[in-house]
Amino acid sequence: MPSHIPPNSEHIDWKMIKMEVNLDDISGELLGYIMDLLLESGANDVFYTPIYMKKNRPGVLLQLLCAEAYVDKIKEILFKETTTLGIRYYPLSVHRLEREFHKVETEWGIVTVKTGLMKGEVVQRAPEFEDCKFIAETYSVPLKKVYEQVWKELKKREN
């Protein structure tokens, strides 16, 4: 089942679900594997936060966001693949910005830049990490230098 990918237009997803579990007896390797499973099964976002649990034991708070339609599949993964005995659910709405993707030419190659618009006005920009990483590794250039050039080129476009 492919991940639920929201449309690129500005909108509000009214029927999203946040799910979370506390885990105090699971390895980092399993967490990475579970994250991949959850994303492949419809989660929009999965993240971990270090926490302290009963008896001051270190643990992990696994949280994810998904559309209502994916809850049953995700619940099955959480119960079968993690050590949790319970899942918390929270209904919520998500306001998503309109998204556009632009290409920026650097001296080493093209980088895609994601732009977020609110009511048609640009409010966010972010170079795609994988494009910048590829350039940095291919041309032995510091990653931060690639980002600097992308921002410089974006600044030129504004003037």
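1. S1 and S3 run antiparallel and are joined by 8 bridges. Two strands are taken to pair if DSSP finds at least two bridges between them. Strands (E, at least two residues) and helices (H or I, at least four) are DSSP runs, numbered from the N terminus. Within this pairing, Glu20 stands opposite Gln63 in S3.

2. On the basis of the model: it is predicted, so local features need pLDDT of at least 70 and side-chain atom pairs count only at pLDDT 80 or more, whereas totals for chains, interfaces and linings use all residues. Residues are numbered from 1 along each chain as its sequence is written, and side-chain values use heavy atoms, with hydrogens and water left out.

3. The pairing belongs to an open sheet of 4 strands with antiparallel pairing and the order S2-S3-S1-S4. Strand S2 (43-52) and strand S4 (88-96) are the edge strands, each pairing on one side only. From one strand to the next the twist averages 25°, with axes as lines fitted to C-alpha atoms, for helices over the stretch in contact, and angles running from 0 to 180 degrees between N-to-C directions.

4. Helix H1 (residues 28-40) packs on the sheet and touches S1, S2 and strand S3 (58-67), where contact means heavy atoms within 4.5 Å. The direction of H1 makes about 150° with that of S2.

5. Strand S1 (residues 11-23) also pairs with S4, in the antiparallel sense and over 8 bridges.

6. The rule asks for a side-chain nitrogen of Lys or Arg within 4 Å of a carboxyl oxygen of Asp or Glu, and by it the count comes to 6 salt bridges. The Glu20 and Arg88 pair links distant parts of the chain, strand S1 and strand S4, 68 residues apart. Glu20 is buried, at a relative accessible area of 9%, while Arg88 counts as partly exposed at 33%. Buried means under 20% relative accessible area, exposed over 50%, and partly exposed in between (1.4 Å probe, protein chains only).

7. Another salt bridge joins the side chains of Arg57 and Asp24 (2.8 Å, N to O). This pair links the loop between S2 and S3, which holds Arg57, to the loop between S1 and H1, which holds Asp24, 33 residues apart. Arg57 counts as partly exposed at 33% relative accessibility, and Asp24 is partly exposed at 28%.

8. Lys156 and Glu153 meet in a salt bridge at 3.3 Å, N to O. Because Lys156 and Glu153 are 3 residues apart in helix H4 (residues 143-158), about one helical turn separates them. Lys156 is exposed, with a relative accessible area of 51%.

9. The C-alpha atoms fill a box of roughly 55 × 40 × 30 Å along the principal axes. Of the 159 residues, 36% count as buried.
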